[in-house]
Amino acid sequence: MTDLLSGIRILDLTNVLAGPYCAYQLALLGADVIKVETPQGGDLARQLGASPELNRAGMGASFLAQNAGKRSVALDLKQEAGRERFLDLVASADALVENFRPGVMDRLGLGHARLKEVRPSLVYCAISGFGQTGPMRDNPAYDQIIQGLSGTMSITGTPETAPLRVGYPVADTLGGLVGAFAITAALVKQKTTGEGAFLDVSMLECTLSALGWPVSNYLTADVEPQPMGNENMTAAPSGAFRTGDGLLNIAANKQEQFVALCRLIGRPELASDVRFAERETRKQNRIALKALIEDALASGSAAAWEETFNRAGVPAGRVLTIPQILQERQVIERGMTARFPAVSGMDQPLTVVRGGFMVDGEAPLPSRPPPGLGEHMDEVFAGLPPRARKRAKA
């Protein structure tokens, strides 16, 4: 674990994915993340995942994926005693993140205005499907709902199969990343001016923002984005190609890369063919070009072609499964995973994935395994500042 956020305390009131992923990034940066869960089962993700045994134990694989490095306390915020203890925590916190529907925290008497009375400098981050305002603010939202509404599904797949859901919760993940980015930015202001902030993160808006290229093509060029399967609308040959053994992504997006590709596959004449000589003509004739390239690629495996192309500066990469990429030397040597030999509620070791960055050449790994529900009650409340601890006992 890195120490970039050492000394920063984050209260994590989130469930399932976007919020927990946000707080996980902050834990990897060194923040003290305290997960505040309901005593009645805690984070719903504790019950989600591919292992029924772990789900029953409250340590579902979905929970394990993004809660390492955190501490857990169990508080019933619907009860006065639970709310009072929570306010004691708020008095010690630098930031808070929640992903309830808009208005839930206010109804509990724990909205931003109330918490500012306790901690004026608090950075409060609310992640929701649609944001705190607007006609859709009260609608429930899961990742697939946002994928569909945002236009993501409309451009995913082929013309025959679209609309399709992206194969992982991309909208939730984007919401979490944007939340973490916004919190860290607000913490900089907090430490320089003493002022807090209210951060309103909309998963729909995060996803639309990430759709920058297709949205821009519509807004600027009045071209409505269409599903293109594994093809790249901006260039050809750029997409997934069949080889003699396996599928290979090739992105010969520049003219010099295309010329090198033609030479490497033994078809140098394609570079001067009038159908393929320029970027725009290649895009217009991408189907014919792809057939010719795949015919040449049939003489070797995806792995062999990948090495050949990359050595010559032509971007290429095999299409791998998740088990395959986790065994790649690139992932292993960069320390992409952390292993915990003992985890509360589990009878086996646990391996988790870190964030997608290094700090000063070091991989920021979580300092502790995912917590059991309420595992750190005594530890957290005993460590409160004197003023807060006195109130907690009152």
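**Close-up views of a predicted model**

**View 1. The buried side of helix 7.** In helix 7 (143–150), the residues Asp143, Ile146, Gln147 and Ser150 are buried, a term that stands for under 20% relative accessible area, with exposed meaning over 50% and partly exposed in between (1.4 Å probe, protein chains only). These residues cover an arc of only 105 degrees around the axis, and therefore lie on the same side of helix 7; the arc is taken from the directions that run from the helix axis to the C-beta atoms. Helix 8 (170–193) and helix 9 (203–210) are included in what covers them. Just after helix 7, Gly151 adopts a positive phi of about 95 degrees. Helices (H or I, at least four residues) and strands (E, at least two) are DSSP runs, numbered from the N terminus. The model is a predicted one, in which local features need pLDDT of at least 70 and side-chain atom pairs count only at pLDDT 80 or more, while totals for chains, interfaces and linings use all residues. Residues are numbered from 1 along each chain as its sequence is written, and side-chain values use heavy atoms, with hydrogens and water left out.

**View 2. Tyr142 in its loop.** Tyr142 lies in the loop between strand 5 (123–128) and helix 7, and is exposed because its relative accessible area is 59%.

**View 3. The pair of Tyr124 and Phe198.** Rings of Phe, Tyr and Trp (its six-membered ring) pair if their centres lie within 6.5 Å, and planes under 30 degrees apart count as stacked, over 60 as edge-to-face and the rest as tilted. By this rule there are two aromatic pairs. Tyr124 and Phe198 have ring centres 5.3 Å apart and planes at 25 degrees, so this pair is stacked. The pair links distant parts of the chain, with Tyr124 in strand 5 and Phe198 in strand 6 (residues 197–202), 74 residues apart. Tyr124 counts as buried because its relative accessibility is 2%, whereas Phe198, with a relative accessible area of 37%, is partly exposed.

**View 4. The pair of Trp305 and Phe309.** Trp305 and Phe309 form a stacked aromatic pair, with 5.3 Å from centre to centre and 20 degrees between the planes. Because they are four residues apart in helix 14 (residues 302–311), about one helical turn separates them. Both Trp305 and Phe309 are buried.

View 5. Gln257 belongs to helix 11 (residues 255–264) and, at 12% relative accessibility, counts as buried. Leaving aside neighbours within four places in sequence, Gln257 is in contact (heavy atoms within 4.5 Å) with Ala251, Ala252, Gly313, Val314 and Pro315.
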